[in-house]
Amino acid sequence: MKPGFSKKDLKDKLNKDQFSVLVDKGTEPPFTGKLLYNNEKGDYTCPVCGTLLFHSDTKYDSNTPGLAGWPSFSDVIKENVEFSEDNELWMKRTEVTCKTCGSHLGHLFDDPTSPTGQHYCINSAALNFKPIKEK
């Protein structure tokens, strides 16, 4: 986490699953996240700081083995996230974090089934959803 976001304060603000993912860089079990099957129009934001991360029009259903089971996005609000090399678990991955607070969101992979060739594999616990109200 970045300075200004203490673990103690976040323990009070976040539920157990959110804390595990956002602060401790955990991963929720596949096919369990509340936003996996969300198809509403709206925006996805960081639960810690409210930063806009994804638009719903970039969410897609991935059937890629090993990547299905978490919300999948083909693009991100690039100025609001940071990328870093993650070599944990004996594999080379790209970690995606919130640029404002440093929360762990998930990982970026190449994916030929994605509209952009990129697959942002993001934990539901790392997202809040704000629906766009239809006029």
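Visitor: Which residue of strand 9 is the bridge partner of Thr-45?
Guide: This is a predicted model, where local features need pLDDT of at least 70, side-chain atom pairs count only at pLDDT 80 or more, and totals for chains, interfaces and linings use all residues. Residues are numbered from 1 along each chain as its sequence is written, and side-chain values use heavy atoms, without hydrogens and water. Strand 1 (residues 42–45) pairs with strand 9 in the antiparallel sense over four bridges (strands are DSSP runs of E, at least two residues, numbered from the N terminus; pairing needs at least two DSSP bridges). In strand 9, the partner of Thr-45 is Asn-128.

Visitor: Which strands are the edge strands of the open sheet?
Guide: Three strands form this open sheet, in the order 2-1-9 with antiparallel pairing. An edge strand pairs on one side only, which picks out strand 2 (52–55) and strand 9 (128–131).

Visitor: Which strand gives the most to the lining of the second largest pocket?
Guide: A pocket is an open set of points on a 1 Å grid where a 1.4 Å probe fits, with protein on both sides within 12 Å along at least five of seven lines; lining residues have an atom within 4 Å of a point. His-104, Gly-106, His-107 and Phe-109 are among the lining residues. With four residues, the largest contributor is strand 7 (residues 104–110).

Visitor: How many residues line the largest pocket?
Guide: Nearest its centre lie Asp-17, Gln-18, Val-21, Glu-28 and Ala-125. By class, the lining has three nonpolar, eight polar and three charged residues. The lining residues number 14.

Note on methods
Nonpolar A, V, L, I, M, F, W, Y, C, P; charged D, E, K, R; others polar.
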